[in-house]
Amino acid sequence: MMASLTEQKCVPCEGGVDPMSESEIDAQKAQIPDWQIIKEGENARLQRKFTFPDFVQAMAFTQSVGEAAEANGHHPLICLTWGEATVTWWTHAIDGLHQNDFIMAAKTDALV
């Protein structure tokens with residue numbers, strides 16, 4: 001049986017591979033249902049807005065996401081404002097989605 005996304009480790013992606021296809025994205029998306037697929041031009045990204053009762057808790061969450069990102073060598077775009085943190089994952093080296101993005105989205109969910 002395959003490990004859940006939160007149990008998987010990111011593998012370095014230095015480019016040289018194609019971004020995930022729409023069918024691959026659809027298959028992985030089922031494991032992170034609260035995330036949206038957004039497009040930046042033609043390139044897919046994973047994005048989710050998290051809400052919190054105040055700025056302090058939103059900031060603490062972003063710190064936790066940053067620590068997880070650093071530990072896994074894969075870093076998101078995080079937008080922080082009062083009571084909200086929006087996290088966007090994609091693999092910069094391929095300007096699209098890779099398995100790592102789904103792993104980190106699931107790990108991000110586990111931090112809430």
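The model is predicted, so local features need pLDDT of at least 70 and side-chain atom pairs count only at pLDDT 80 or more, while totals for chains, interfaces and linings use all residues. Residues are numbered from 1 along each chain as its sequence is written, and side-chain values use heavy atoms, with hydrogens and water left out.

Let's start with the sheet. Helices (H or I, at least four residues) and strands (E, at least two) are DSSP runs, numbered from the N terminus. Four strands make up an open sheet, in the order S1-S2-S4-S3, with antiparallel pairing; two strands pair if DSSP finds at least two bridges between them. At the edges sit S1 and strand S3 (77–81), each of which pairs on one side only. On average, neighbouring strands are turned by 25° against each other, direction ignored; the axes behind that angle are lines fitted to C-alpha atoms, for helices over the stretch in contact, and angles run from 0 to 180 degrees between N-to-C directions. Strands of a sheet pair through backbone hydrogen bonds, either parallel or antiparallel.

Now for the individual pairs. S1 and S2 are joined by five bridges, and Ile38 stands opposite Arg45 in S2. These two strands form a hairpin with two residues between them, and Gly41 in the turn has a positive phi of about 70°. S2 and S4, also antiparallel, are joined by six bridges; here Lys49 has Thr86 of S4 as its bridge partner.

Next comes the core. A nonpolar core is a set of buried Ala, Val, Leu, Ile, Met, Phe, Trp, Tyr and Cys residues joined through side-chain atoms within 4.5 Å. Buried means under 20% relative accessible area, exposed over 50%, and partly exposed in between (1.4 Å probe, protein chains only). The largest such core has 24 residues, and those touching the most other members are Ile32, Trp35, Leu46, Trp89, Leu97 and Phe102. Two or more residues each come from strand S2 (43–51), helix H2 (55–72), strand S4 (84–89) and helix H3 (99–110).

Contact means heavy atoms within 4.5 Å, and neighbours within four places in sequence are left aside. Leu46 then has contacts that include Ile32, Trp35, Val87, Trp89, Leu97 and Phe102. Ile32 belongs to the loop between H1 and S1 and is buried, at 0% relative accessibility. Among the contacts of Ile32 are Leu5, Leu46, Phe102 and Ala105.

Helix H1 (residues 22–29) has Ile25, Gln28 and Lys29 as its buried residues. They lie on the same side of H1 because they cover an arc of only 100° around the axis, the arc being that of the directions from the helix axis to the C-beta atoms. This buried side packs against strand S1 (36–40), S2 and H3, whereas Ser23, Asp26 and Ala27 are exposed on the face turned away.

Thr108, in helix H3, is buried with a relative accessible area of 1%. A polar atom of the Thr108 side chain lies 2.7 Å from the backbone oxygen of Met104. Thr108 also has contacts beyond its sequence neighbours, including Trp35, Phe50 and Phe61. Asp95 is found in the loop between S4 and H3 and is partly exposed, at 32% relative accessibility. Asp95 has a positive phi of about 50° although it is not a glycine.

How values were computed. Polar contact = N/O pair within 3.5 Å; in protein donor to acceptor, adjacent residues only side chain to side chain.
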